[in-house]
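Dear colleague,

Please find the structure below, handed over for your records.

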Amino acid sequence: MGSYHVNLDDLNGIGVAAIRNAMSSELVVIDEIAPMEFKSTEFIKAVVEALDSDKNMLVVLHQKSSHPVAERIGREFMVYTVTPENREDVVFEIAESINRVVNYTKFR
């Protein structure tokens with residue numbers, strides 16, 4: 001993890017509250033879940049609550065995340081691997097996917 005560290009107070013306060021507040025929206029966006037975020041049990045609980053809901057989600061998951069919740073996300077979500085070569089095209093693919101899902105949800 002290099003010279004970075006996680007501020008658990010901010011993650012538990014701001015990060016957890018942001019996820020729970022987003023649960024009232026059509027789309028829950030979590031950017032980014034990385035190995036450091038898995039040091040917070042409160043953050044993990046909030047992510048699991050979101051995963052257990054029927055909400056549409058866009059989650060950025062760090063490639064090196066190997067926590068069971070990260071593995072669940074990998075199993076349950078459409079996963080895009082972003083590289084320098086494809087990052088411009090992937091943006092459009094993800095946006096189209098979100099638009100399809102959100103519009104489908106609105107009009108059912």
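**Findings**

Glu-88, Asp-89, Glu-93 and Glu-96 form a patch of negative charge on the surface. In such a patch, residues have over 30% relative accessible area and no salt bridge, and like charges are joined within 9 Å; Asp and Glu count as negative, Lys and Arg as positive. The place of a charge is CG of Asp, CD of Glu, NZ of Lys or CZ of Arg.

This is a predicted model, in which local features need pLDDT of at least 70 and side-chain atom pairs count only at pLDDT 80 or more, while totals for chains, interfaces and linings use all residues. Residues are numbered from 1 along each chain as its sequence is written, and side-chain values use heavy atoms, without hydrogens and water.

Glu-88 belongs to helix H4, residues 87-106 (helices are DSSP runs of H or I with at least four residues, strands are E runs of at least two, numbered from the N terminus). Its relative accessible area of 55% makes Glu-88 exposed (exposed is over 50%, buried under 20%, with a 1.4 Å probe and protein chains only).

Glu-37 sits in the loop between strand S1 (27-33) and helix H2 (41-52). Glu-37 is buried yet lacks a salt bridge, and the nearest side chain of opposite charge, Lys-39, is 10 Å away. A salt bridge requires a side-chain nitrogen of Lys or Arg within 4 Å of a carboxyl oxygen of Asp or Glu.

Ile-73, in helix H3 (residues 68-76), is buried, with a relative accessible area of 4%. The C-alpha atoms of Ile-73 and Pro-84 are separated by 23 Å.

Kind regards

Terms used:
Patch = residues over 30% accessible without salt bridge, like charges linked within 9 Å, V, L, I, M, F, W, Y side chains within 5 Å. Areas by Shrake-Rupley, 256 points an atom, 1.4 Å probe, with all protein chains shown as cover.
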